[in-house]
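Here is a short report on one protein model. It moves from charged pairs to the sheet and then to single residues.

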Amino acid sequence: MANTYLSRTPSSASNRKTWTWSAWVKRSSLSTGNQILFRAKDGSYPEGIQFKSTDILEYDHDIAGTDYTVRTAMVFRDTSNWYHIMVAKDTTQATETNRIKIYVNGEQQTLTEFQLGYPPQNYDGAINKNVIHTHGSDGGGYDHFSGSMSHVHFCDGLALAPTVFGSTDSTTGQWKINTSPSF
């Protein structure tokens, strides 16, 4: 359903430097504006993961018009198959490019910096703050995700590898879901 989404506001803040978000995603419409997968909004300062109208994937944290943003070069235009998308954030890392990692079907994506690029070291984001968190929308009636999500996981305080959530099938070479991840 095009206008449905999940929302939750944690009762207290948790680790805002390190987390992993993982989901199996199937898109149903393309190039229709931004489509949010996961977002937390601290006042008017959102942090999240979304498809852009150009069908690329981005991590973005907007702070008073200044964005820490990284984007994939890969475009997501296949509406017949599922993608496993995983974002691992760990701003405790000294190396800038280790602070945000995006994986698609187990493969780490090359990211392009946009505006300020990667967040600074030890940066606290909006995700895991006691503010509204949404899957599939901005929570205000905009930027709805058009498609399906399955096996959505959020891991607080852990920057995990994609092999926790999937593996390559030795016969077909395809990335397959791990229905019982343990971490």
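## A buried charged pair

Glutamate 47 and lysine 89 are both buried (under 20% relative accessible area; exposed is over 50%, partly exposed in between; 1.4 Å probe, protein chains only). Their side chains meet in a salt bridge, 2.7 Å from N to O. A salt bridge here is a side-chain nitrogen of Lys or Arg within 4 Å of a carboxyl oxygen of Asp or Glu. The pair links distant parts of the chain: glutamate 47 sits in strand E4, lysine 89 in strand E7 (residues 83–90), 42 residues apart. Strands (E, at least two residues) are DSSP runs, numbered from the N terminus.

## Basis of the model

This is a predicted model: local features need pLDDT of at least 70, side-chain atom pairs count only at pLDDT 80 or more, and totals for chains, interfaces and linings use all residues. Residues are numbered from 1 along each chain as its sequence is written, and side-chain values use heavy atoms, with hydrogens and water left out.

## Other salt bridges

The structure holds 7 salt bridges. One of them joins aspartate 124 to lysine 17, with the closest N and O atoms 3.1 Å apart. Aspartate 124 lies in the loop between E10 and E11, and lysine 17 in the loop between E1 and strand E2 (18–27), so the pair ties together parts that are 107 residues apart in sequence. Aspartate 124 has 34% relative accessibility, so it counts as partly exposed. Lysine 17, at 23%, also counts as partly exposed.

Arginine 27 and aspartate 55 form another salt bridge, 3.1 Å from N to O. Arginine 27 is in strand E2; aspartate 55 is in the loop between strand E4 (45–51) and E5, 28 residues apart. Both arginine 27 and aspartate 55 are buried. Salt bridges that share partners join Arg27, Asp55 and Arg77 into one network.

## The sheet

An open sheet holds 7 strands in the order E1-E11-E3-E4-E5-E6-E10, with antiparallel pairing. Two strands pair if DSSP finds at least two bridges between them. The edge strands are E1 (6–8) and E10 (111–115), each pairing on one side only. Neighbouring strands of this sheet are turned by 10° against each other on average, direction ignored. Axes are lines fitted to C-alpha atoms, and angles run from 0 to 180 degrees between N-to-C directions.

Arginine 8 stands opposite histidine 133 in E11.

## Aspartate 60

Aspartate 60 lies in strand E5 (residues 56–63). Aspartate 60 is buried yet has no salt bridge. The nearest side chain of opposite charge, arginine 39, is 5.6 Å away. Lys and Arg count as positive, Asp and Glu as negative; His and the chain ends are not counted.

A polar contact of 2.4 Å joins the side chains of aspartate 60 and threonine 69. Such a contact is a pair of N or O atoms within 3.5 Å; within protein, one must be able to donate a hydrogen and the other to accept it, and residues adjacent in sequence count only if both atoms are side-chain atoms. Leaving out residues up to four places away in sequence, aspartate 60 touches Pro46, Glu47, Gly48, Asp67, Tyr68 and Thr69. Contact means heavy atoms within 4.5 Å.

## Alanine 159

Alanine 159 lies in the loop between strand E12 (147–156) and strand E13 (166–168). At 40% relative accessibility, alanine 159 counts as partly exposed. Its contacts, not counting residues up to four places away in sequence, include Trp19 and Lys89.

Note on methods:
Helices (H or I, at least four residues) and strands (E, at least two) are DSSP runs, numbered from the N terminus.
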